[in-house]
Protein chains: 2
Amino acid sequence: MGLFTRDIESLDDLFLHQLQDMYYAEKQIIKAMPTMIDSASSEALKDALQTHLRETEQQVQRLEQVFQLQGAQAQGVECPAIDGIIDEAKDVNSEIADKSVLDSALIASAQSVEHYEISRYGTLIAWAQCLGKTDCVPLLRKTLEEEKAADAKLTGLAEQTINRRAA
Amino acid sequence: MGLFTRDIESLDDLFLHQLQDMYYAEKQIIKAMPTMIDSASSEALKDALQTHLRETEQQVQRLEQVFQLQGAQAQGVECPAIDGIIDEAKDVNSEIADKSVLDSALIASAQSVEHYEISRYGTLIAWAQCLGKTDCVPLLRKTLEEEKAADAKLTGLAEQTINRRAA
């Protein structure tokens, strides 16, 4: 994006920009998750994060398919939002020594990532529908459903065991 | 927070830290919203954002009540997540000249803010319940319901009119 130009001229441009934003975001999430998995003490939490890391790798491939359907090259643009969300997770988690409290904080961090993605994929689907990009919608919807399921799984883990151990 | 100390020793400390994070976040949102309202062209979008700005001011007061219930002074801590989300909104929106496309982008930006808050208030409620802070739960839940309603209202506006105008 140019600093003094207005490069987004249409909803189609905005859709492509947000695809690039999510492509960058998913790759940053893939980089950040192994440290989160290593930091977790609960085996169930480790498993949930590991499963979601594998899903995230597939989500990147799905984004590449959506780029291809646009006749566009898959590339990222810097996304200050995901950078901020990940930085905040690192900051807070580095302040915590107690393993059970850290597990609760890791869930909170992961859920803030999930909610960012739920918001962004929801928007991408709405724009794709409006622009008649019916071939993209199922790919984006599959990822959105995975993000929602990951979020719900983390809520369940937090409420059933992890927050109680931390309290 | 100390740079080389681990200041969060308990779930209670983590709860207070996240309250401080949200106190900072809500105040940053209040600072950012007037520009978003001015940038919007759709009267319905302007109204929705204006209504939510007034709600956000009440949400700050509700957080102050929760601090008071903890016997703690209301204060913020820097929150890289909300700073990043707001910075990204400003970056993207500054790239758009077309008023209808900008309205669609403004809704997307506002929904990424709402989802951050939905995630954080959801976590605060879960921790408050676990810590027996039953007096805080209704205050936090009231705000969570407002965030969800604001998000749903924006989805409705986007799907019914604004995205169609932009397409």
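Colleague: What should I know before I start?

Modeller: This is a predicted model, where local features need pLDDT of at least 70, side-chain atom pairs count only at pLDDT 80 or more, and totals for chains, interfaces and linings use all residues. Residues are numbered from 1 along each chain as its sequence is written, chains are lettered from A in the order in which they are written, and side-chain values use heavy atoms, leaving out hydrogens and water.

Colleague: How many residues of chain B are in contact with chain A?

Modeller: 48 residues of chain B are in contact with 48 residues of chain A. Contact means heavy atoms within 4.5 Å.

Colleague: And how much area do they bury between them?

Modeller: About 3700 Å², with 61% of it on carbon and sulfur atoms. Buried area is the accessible area (1.4 Å probe) that two parts lose on being put together, summed over both. E88(B), E95(B) and H115(B) supply 18% of what chain B buries against chain A, more than any other three residues.

Colleague: How many salt bridges cross the interface?

Modeller: Two, by the rule. A salt bridge needs a side-chain nitrogen of Lys or Arg within 4 Å of a carboxyl oxygen of Asp or Glu. R120(B) and E88(A) meet in a salt bridge, at 2.9 Å from N to O.

Colleague: Which element gives the largest share of chain B's side?

Modeller: α4(B), with 16 residues on the side that touches chain A. Helices here are DSSP runs (H or I, at least four residues), numbered from the N terminus.

Colleague: How many salt bridges over all chains?

Modeller: Eight. K142(A) and E146(A) form a salt bridge, their closest N and O atoms being 3.9 Å apart. These two are separated by about one helical turn, because they sit four residues apart in helix α5 (residues 137–166) of chain A.

Colleague: New topic. What volume does the largest pocket have?

Modeller: About 490 Å³. A pocket is an open set of points on a 1 Å grid over the protein atoms alone, where a 1.4 Å probe fits, with protein on both sides within 12 Å along at least five of seven lines; lining residues have an atom within 4 Å of a point. The volume is the space filled by probe spheres set on the points.

Colleague: Which residues are closest to its centre?

Modeller: Of the 31 lining residues, M33(B), M36(B), L49(B), L106(B) and A110(B) are the closest. α1(B) gives the most to the lining, with seven residues.
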